[in-house]
Amino acid sequence: MIYDKKIETMSRADMRALQLTRLKEIVKYAYENVPFYKKKYDEAGVKPSDIQTLEDIQKLPFVTKADLRENYPYGMLSVPLSKISRIHASSGTSGKPTVVAYTDEDMEVWTECVARLVVAGGGRSDDIVQICFGYGLFTGALGLHQGWERVGAAVIPASVGNTERQIMLMKDLQTTALVSTPSYALHIAEEMERLGYKPEDFKLRVGMFGSEASSEEMHKEIARKLHVLPTDNYGLSELIGPGVSGECEHKCGMHINEDHFYAEILSPEDFSPLGEGEYGELVLTSLTKKSMPMIRYRTKDITKIDYSPCACGRTTARMAKLKGRTDDMLVVKGVNVFPSQIEGVLLSFKEIGGSYEIVVTREDYKDKLEVRVELVDDSIVGDYGKLEKLSADIRHALKTVLQIDVKLSILEHKSLKRYEGKAKRVIDLRKY
Ligand code: DLL
């Protein structure tokens with residue numbers, strides 16, 4: 001099923017033409033309505049009329065999270081506050097949050113974008129969907145809620161926390177679709193096991209996950225434990241929230257809602273444009289956002305784009321699962337390490353659960369990488385021989401992928417902290 005056939009199966013030429021028309025409009029609109037853009041473009045010596053092709057976007061300066069912070073809370077708005085119908089915020093790494101706002105029109109676009117991805121991931125009007133994202137300023141819960149509602153599903157705004165209660169609701173209310181972070185989905189699965197349930201005791205069939213990185217192996221684990229078709233979904237508050245891109249049932253990249261978001265992949269070193277299939281930083285432009293246009297927003301997320309048509313019939317470009325962020329990329333002993341690479345290795349071992357921690361320390365000027373993992377259950381805890389062999393195998397697999405030695409700590413089941421929201425996987429204790 002395709003929610004918006006006209007847009008989602010449009011020819012590449014027509015999509016590019018639509019994007020160019022909208023790009024010209026939004027650049028002019030931002031220049032005329034947001035002093036921030038006028039100042040930035042005047043300083044860079046560019047005018048809206050300089051945008052004649054999609055490639056001309058490269059003439060425009062970037063926007064970063066720091067710009068939003070400096071213009072906190074309403075400095076980036078292009079409309080008076082009376083035209084705003086929703087305000088969200090994403091937690092900043094420090095200090096004030098990043099505030100984002102929506103007009104009625106933006107809310108409509110947001111809802112439609114999420115609805116497309118719901119249908120792409122197998123969601124239907126007869127689904128009963130349990131939204132296990134935190135309701136509040138975070139865009140995840142309400143954003144997905146609106147999209148599922150639009151598709152006609154029955155929405156349970158369960159929010160996060162009290163996992164036993166979540167499981168009770170899931171069973172009693174016959175939930176068919178789960179919406180959460182992938183790590184929380186695995187936590188729910190673990191709790192189900194602990195409580196003595198089997199996947200057959202539930203009616204789950206679809207899992208819409210996102211807001212944090214997850215490997216294909218993690219999705220397989222979720223599929224096996226919960227009996228759902230898991231799809232990955234990407235978005236960020238600055239652009240809209242969830243609804244930027246999401247996987248279809250073929251799971252071969254996240255379809256970008258390209259009529260609303262123009263995606264560029266740039267070299268993290270010199271910001272030159274990279275070709276199709278090359279990994280680099282994703283830079284996004286909101287083509288239609290009326291409240292707070294984001295033109296060339298540096299996401300710091302690393303991915304690549306495939307423009308070939310998908311087996312599902314959609315022609316929209318697909319971005320690969322994120323490889324990480326330019327700022328959570330670890331450099332250990334001079335080697336670039338992405339948490340997603342480590343996760344991929346760990347989850348290929350059936351004895352190891354989905355929770356892990358990556359700890360980086362520095363002793364005598366030497367970096368040390370420790371990976372803490374947990375056993376799926378405690379059946380081999382007393383078996384020294386088996387544990388030794390498992391540890392050697394994992395260390396070898398990590399070394400093959402990362403090219404560096406890793407200290408591995410295998411802990412008993414349930415020793416590591418569980419998260420209801422985004423999981424914190426990396427602890428970098430080095431002092432630079
Ligand atoms: O996390 C929006 C969202 C909610 C997307 C629910 C999907 C589902 P923020 O809180 O602003 O927005 O965080 C945005 O989270 O730049 C990525 O680094 C990361 N992120 C989001 N989705 C994914 C994903 C929401 N599927 C930041 N895989 C982004 C990996 C993701 N990282």
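How much area is buried between domain 1 and domain 2, and what share of it do carbon and sulfur atoms give? In this predicted model, local features require pLDDT of at least 70 and side-chain atom pairs count only at pLDDT 80 or more, whereas totals for chains, interfaces and linings use all residues. Residues are numbered from 1 along each chain as its sequence is written, and side-chain values use heavy atoms, with hydrogens and water left out.

The protein comprises domain 1 (1–322) and domain 2 (330–428), with bounds taken from an automatic or database domain assignment. The centres of the two domains, computed over C-alpha atoms, lie 30 Å apart. To the contact (heavy atoms within 4.5 Å), domain 1 contributes 21 residues and domain 2 contributes 17 residues. The buried area, defined as the accessible area (1.4 Å probe) that two parts lose on being put together, summed over both, is about 1,500 Å² between the domains, and carbon and sulfur atoms give 52% of this area.

Between domain 1 and domain 2 there are 2 salt bridges, a salt bridge being a side-chain nitrogen of Lys or Arg within 4 Å of a carboxyl oxygen of Asp or Glu. A salt bridge joins Lys414 to Glu191, with 2.6 Å between the closest N and O atoms.

On the side of domain 1 that touches domain 2, helix 8 (182–194) and helix 9 (216–226) are the elements that give two or more residues; helices here are DSSP runs (H or I, at least four residues), numbered from the N terminus. Helix 8 gives the most to this side, with 7 residues.
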